[in-house]
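Here is a short briefing on one protein chain. Look at the sequence and the model first, then read on.

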Amino acid sequence: MQLSSKHEEYWRKNLRITGILLAIWFVVTFVVAFFARDLNFTFFGWPFSFWVAAQGALVVYVLIIWYYARYMNRLDQEYGVAEE
């Protein structure tokens, strides 16, 4: 099946946002957690590194999911492939 230029543009935008959000996920999951070990102060009675791993990363994950769903809904409407 041959894709039209409109379909190719849709998938290009989809892959770009997916790549960006995966990069953010990687940084939050691995880079921040790696450097969080050096944070040796308490935050609400817990070590800050524990708070980053337990709370901060989860907040970022939820924000990534929210943004992706919102972006894709708008993109689907823009290209006429939205579900009713």
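Accessible areas come from the Shrake-Rupley method with a 1.4 Å probe, and for residues only the protein chains shown count as cover. By that method, the accessible surface of the chain comes to about 6,800 Å². Carbon and sulfur atoms hold 67% of that surface.

This is a predicted model: local features need pLDDT of at least 70, side-chain atom pairs count only at pLDDT 80 or more, and totals for chains, interfaces and linings use all residues. Residues are numbered from 1 along each chain as its sequence is written, and side-chain values use heavy atoms, with hydrogens and water left out.

**Overall build**

- The chain has 2 helices and 2 strands. Both kinds of element are DSSP runs, numbered from the N terminus: helices are H or I with at least four residues, strands are E with at least two.
- Read from the N terminus, the order of elements is α-β-β-α.
- The radius of gyration is 18 Å, well over the 12 Å that the globule rule gives for 84 residues, so the chain is more spread out than a compact globule. This radius is taken over C-alpha atoms, and the rule is 2.2 Å times the number of residues to the power 0.38.
- The C-alpha trace spans about 55 × 25 × 15 Å along its principal axes.

**Burial, contacts and charge**

- Of the 84 residues, 20% are buried. Buried means under 20% relative accessible area, exposed means over 50%, and partly exposed lies in between (1.4 Å probe, protein chains only).
- Contact means heavy atoms within 4.5 Å. Take the contacts between residues at least 6 apart in sequence: 74% of them join residues at least 24 apart.
- There are 7 positive and 7 negative side chains, and the centres of the two sets lie 6 Å apart. Lys and Arg count as positive, Asp and Glu as negative; His and the chain ends are not counted. Each charge is placed at NZ of Lys, CZ of Arg, CG of Asp or CD of Glu.

**The largest nonpolar core**

- A nonpolar core is a set of buried Ala, Val, Leu, Ile, Met, Phe, Trp, Tyr and Cys residues joined through side-chain atoms within 4.5 Å.
- The largest one has 8 residues: Tyr 10, Ile 17, Leu 21, Ile 64, Tyr 71, Met 72, Leu 75 and Tyr 79.
- Helix H1 (5-36) and helix H2 (48-79) are the elements that give two or more residues to this core. H2 supplies the largest share, 5 residues.
- In soluble globular proteins, nonpolar side chains tend to be buried together.

**Residues to find in the model**

- Met 72 sits in helix H2. Met 72 is buried, at 9% relative accessible area. Beyond four places in sequence, Met 72 touches Tyr 10, Asn 14 and Ile 17.
- Tyr 10 has contacts beyond four places in sequence with Met 72, Leu 75, Asp 76, Tyr 79 and Val 81.
- Lys 13 belongs to helix H1. Lys 13 counts as buried, with 18% relative accessibility. Its contacts beyond four places in sequence are Tyr 71, Leu 75, Glu 78 and Tyr 79.
- Lys 13 and Met 72 are 59 residues apart along the chain, and their C-alpha atoms are separated by 9.5 Å.
- Phe 48 is part of helix H2. Phe 48 is buried, at 16% relative accessible area. Leaving out residues up to four places away, Phe 48 touches Leu 39, Phe 41, Thr 42 and Phe 43.
- Phe 48 and Ile 17 are 31 residues apart along the chain, with 30 Å between their C-alpha atoms.
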